[in-house]
Amino acid sequence: MRFSPDFRKKALTTVLLTLAASVGLGVLSLLFAMKEHRAAFFSGYFANPLIALLNLLPCVLLAMLLFAVTGRAAPAFLLSGAVVMGFTWVGWFKLQFRSDPLLAEDLGLLREAGDMAGKYQMFLPVGLPVTVVCLALGTFVLSRCARWRPSARLRLGAAAVVIVLLLPLRAVYFSNTVYNPLTGTPAAAGRWDVTQVYQSKGFAYPFLHSFRKVGAAAPDGYRADASEKRLSAFPDVDIPEGKKVNIVAVMLESYCDFTGVPGVPALAEEVYAPYHVLEQEGISGTLVTNIFAGGTVNSERGFLTGYPVLPSFRNPTESFVRYLAGQGYHTTGSHPGNRWFYQRDSVNANLGFQEYYFLEDHYGALADGGIAYDDVLFPELARLCATETEPYFSFTVTYQGHGPYPDNENIWSGESIDKSGCSESEAYILNNYFSSIANTSRNVAALADSLRDSSSPTVLLVFGDHKPWLGDNQAVYTSRGIPVGCGTDEGFLCHYSTQYLIWGNDAAKRVLGRSLRGEGSTVAPSMLMCALFDALGWEGPALMQEQRALIDAGVTMYHSVAENVLYRGSLRAPDELPEPARTLLQEYLCDAYYVQRNVPA
């Protein structure tokens with residue numbers, strides 16, 4: 001087939017202009033891929049050609065695919081621009097408010113994100129209207145200067161080429177071997193600072209790389225038959241008769257003990273005093289979570305399952321809840337918020353809870369149709385525990401303490417902080433947070449007191465899900481010099497750490513023959529149930545026994561976001577572990593994946 005010179009010129013002009021516009025779109029996305037170190041990060045993208053290529057290529061391929069579908073350059077550019085810049089700006093706002101990058105798994109939580117977005121003070125950055133102008137200008141230019149429309153045959157061929165390219169490119173974008181060594185600005189990105197490392201690689205590339213975790217992809221070296229064989233060496237061990245105690249577990253929203261942390265103003269004694277009394281009576285330790293200022297469900301489901309990397313839980317899934325139910329426990333729980341939030345209604349059923357109380361069917365009636373805060377939640381929890389059939393496992397997720405905290409008024413009576421040296425907005429944020437914490441501390445102590453003299457043997461476990469929000473873009477942390485920067489091991493551990501407490505009444509201590517006092521180890525949420533079983537003297541199910549072997553080898557935390565471990569008190573990359581810890585970690589990751597994929601009977 002012969003084409004006239006004029007036809008070839010129009011075709012070449014259209015293709016080249018579309019390519020140029022899509023490359024420009026990629027550059028525009030990179031301009032808003034970071035929240036700080038703008039010049040350093042942006043120059044770093046182009047100082048490393050591979051980073052630039054991996055960010056620009058998706059924009060080009062998307063524009064070309066849409067051009068093949070629509071047959072017109074202008075609509076293809078506008079549609080691809082809406083997609084690329086839409087995700088870019090969602091990521092930018094998430095960085096500003098939560099100091100957290102946009103990940104593929106966030107796409108499954110759009111309803112929750114919309115609900116929470118309304119609680120933050122939104123603003124219109126200058127770059128947003130600039131983006132709209134650029135997209136409009138590019139669309140206008142292409143509509144006037146790139147008017148060639150390819151035939152259906154050419155469009156089909158072009159679409160096929162793009163789709164064929166996606167297969168090998170998927171391996172590149174998902175590869176840790178490619179991703180991990182690439183850092184655009186080593187001076188700005190600390191080794192364990194996931195947010196900084198993400199930003200140092202642009203936006204489109206790290207966002208696409210995050211898709212590799214969707215659906216909990218199989219770990220390297222995974223073989224189902226090997227996992228089945230290993231787990232058979234750790235058969236589930238029943239809880240000994242006569243040693244069963246009730247377990248009341250409460251995950252406290254944003255609860256963290258800041259006592260003695262640099263940069264935190266002097267606190268009123270009442271903020272933590274009731275909690276500290278319980279610590280002296282029980283076992284207290286540090287929890288290193290995978291999340292910061294949000295993402296509650298990660299700590300929650302890690303604790304309930306022991307999985308270091310979480311699946312979707314769309315189907316019935318093995319869990320510690322199911323193990324306890326199999327031991328004759330009544331498995332129940334509470335959350336005073338909406339049942340649809342984080343899909344808790346369906347997921348909790350899939351985890352094996354026999355009943356669970358939410359705002360819609362229980363707590364709303366106790367709180368005038370709204371969310372039940374701790375003054376309502378904890379007394380009701382104590383009442384429910386008093387009516388339970390033994391033995392029982394109760395797991396409650398609180399809501400009080402959820403950010404953001406007002407920066408222009410006090411919503412709690414009294415003063416919980418020394419305001420000297422604080423700006424007005426800092427004082428309001430900090431006083432609202434710590435006043436909420438003081439109320440929670442009193443309610444936790446009251447719950448323990450309701451169990452203290454009971455003849456029903458009961459163990460109370462409380463833990464914080466993550467550090468609190470303290471201003472957009474960690475504003476108060478930064479201005480007060482609170483050490484949560486992940487550029488150092490100490491900063492990383494402070495960034496992600498909260499506390500846990502194991503406390504038992506006298507009846508439980510007599511049944512177990514244990515004092516339930518002392519210092520607990522530093523663990524991840526996925527290993528917290530193991531720490532509890534150790535305190536109770538129980539062996540537990542197969543996966544927990546495998547966890548215990550890993551803990552004995554020195555690994556007490558696997559961080560699913562930074563993909564590092566805590567080994568004998570220091571952070572290491574998995575491939576830096578000595579044997580046998582390295583092999584035990586890999587086996588644990590594989591076997592947890594095997595367990596979560598096998599639907600329980």
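Helix α17 gives the lining of the second largest pocket its largest share, 6 residues. The model is predicted: local features need pLDDT of at least 70, side-chain atom pairs count only at pLDDT 80 or more, and totals for chains, interfaces and linings use all residues. Numbering runs from 1 along each chain as its sequence is written, and side-chain values use heavy atoms, without hydrogens and water.

The second largest pocket has a volume of about 660 Å³. Of its 31 lining residues, Gly403, Pro404, Tyr405, Pro406 and Trp469 are the closest to the centre. Elements giving two or more residues are α16 (374-386), α17 (424-452) and α18 (475-480). By class, the lining holds 12 nonpolar, 13 polar and 6 charged residues. A pocket here is an open set of points on a 1 Å grid where a 1.4 Å probe fits, with protein on both sides within 12 Å along at least five of seven lines; lining residues have an atom within 4 Å of a point. Helices (H or I, at least four residues) and strands (E, at least two) are DSSP runs.

**Cores**

The largest nonpolar core has 61 residues. Phe303, Phe393, Phe395 and Trp538 have the most contacts inside it. Helix α21 (residues 528-536) supplies the largest share, 8 residues. A second, separate core of 55 residues includes Leu451, Leu460, Val462 and Ala573. Core members are buried (under 20% relative accessible area, 1.4 Å probe; exposed is over 50%, partly exposed in between) and joined through side-chain atoms within 4.5 Å. Beyond its neighbours within four places in sequence, Phe395 is in contact (heavy atoms within 4.5 Å) with residues including Glu300, Phe303 and Phe463.

**Salt bridges**

The whole structure has 12 salt bridges. Each puts a side-chain nitrogen of Lys or Arg within 4 Å of a carboxyl oxygen of Asp or Glu.

| Pair | N to O distance |
|---|---|
| Glu281 and Arg452 | 3.2 Å |
| Glu300 and Arg344 | 2.8 Å |
| Asp534 and Arg548 | 2.6 Å |

Glu281 in α12 and Arg452 in α17 lie 171 residues apart. Glu281 is partly exposed, at 22% relative accessible area. Arg452 is partly exposed too, at 26%. Glu300 in α13 and Arg344 in α15 are 44 residues apart. Glu300 is buried at 0%, and Arg344 is buried at 2%. Asp534 in α21 and Arg548 in α22 are 14 residues apart. Asp534 is partly exposed at 34%, whereas Arg548 is buried at 17%. Through shared partners, salt bridges join Glu281, Asp449 and Arg452 into one network.

How values were computed:
Grid points are joined across faces, edges and corners, and a volume is the space filled by probe spheres set on the points. Ala, Val, Leu, Ile, Met, Phe, Trp, Tyr, Cys and Pro count as nonpolar, Asp, Glu, Lys and Arg as charged, and the others, Gly among them, as polar.
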